[in-house]
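Welcome! Take a moment to look over the sequence and the model, and then let us walk through them together.

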Amino acid sequence: MKPVSNPLRCLLLLVALAPALPAAAFDMNSDEPIRITADSARLDDNRGTAIYRGNVDVRQGEVLLTADRVDVYRGAEGLDRIHATGQPATYDRPATANEGAVHAEALEIHYSAGENLLRFERKAVVQQGQDEFRGAVITYGTTNRIVTGEGQDDGGEGSGRVEMVIQPRGNSSSSGN
């Protein structure tokens, strides 16, 4: 695929890809609990933190986050944010009535409940069906459905470009996968 160089064209492609990204990470209004399993855990009630290490699975219903390490932060309202790291850390959401299944991976995944923000950092890849979005950082607002892709992170890592592959609408293999 030829890299996107025109800023307007890049914006149009981001808008076209927005439906392909996760509709929600974890639903704090759900009746389903968030379950975390790991090889070890350290909980600090005074600070409202928990650190899980080794084959960590964070699951709510069918939504699954896997990582080598997951730090969970609780605030007065409950779960505040999640920071996951792995080689890579992964996020999977099954297909819904309106959208295909989503698989995403990055070396770091951040979820902010208060901001309704899901952020994939360092070697980020988000796939839905055969559509794909790659960059150093991919940020997704789960409420306003705004996607931002960056070719380099704050430390200057990355190619400096974002890459998207969007299948034609008539390609039935990209819907519902």
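Two strands count as paired when DSSP finds at least two bridges between them.

Strand β4 covers residues 63–75 and strand β5 covers residues 78–93; the two run antiparallel and are joined by 10 bridges. Between β4 and β5 lie 2 residues, and together the strands form a hairpin. To find one of the pairings yourself, go to Arg69, whose bridge partner in β5 is Thr85.

Now follow β5 to another partner. Strand β6, residues 102–112, runs antiparallel to β5, and 10 bridges hold this pair together as well. Here you can look for Ile82, which stands opposite Tyr111 in β6. In a regular strand, side chains alternate between the two faces of the sheet.

Stepping back, the protein has 1 helix and 10 strands. Of the 177 residues, 38% are buried. The protein exposes about 10000 Å², with carbon and sulfur atoms supplying 46% of that area. Among contacts between residues at least 6 apart in sequence, 44% join residues at least 24 apart.

How confident is the prediction? The average pLDDT is 78, and 74% of the residues score at least 70. Over residues 1–23, however, pLDDT is below 50, although this stretch has 48 contacts beyond near neighbours in sequence. Residues 172–177 also stay under 50, with 13 contacts beyond four places in sequence. Where pLDDT is low, the predicted coordinates should not be read in detail.

Notes:
Residues numbered from 1 in each chain as written. Predicted model: local features only at pLDDT ≥ 70, side-chain atom pairs only at ≥ 80, totals over all residues. Heavy atoms only, no water. pLDDT = per-residue confidence, 0-100. Contact = heavy atoms within 4.5 Å. Helix = DSSP H or I, 4+ residues; strand = E, 2+ residues; numbered from the N terminus. Buried < 20%, exposed > 50% of the residue type's maximum accessible area, 1.4 Å probe, protein only. Areas by Shrake-Rupley, 256 points an atom, 1.4 Å probe, with all protein chains shown as cover.
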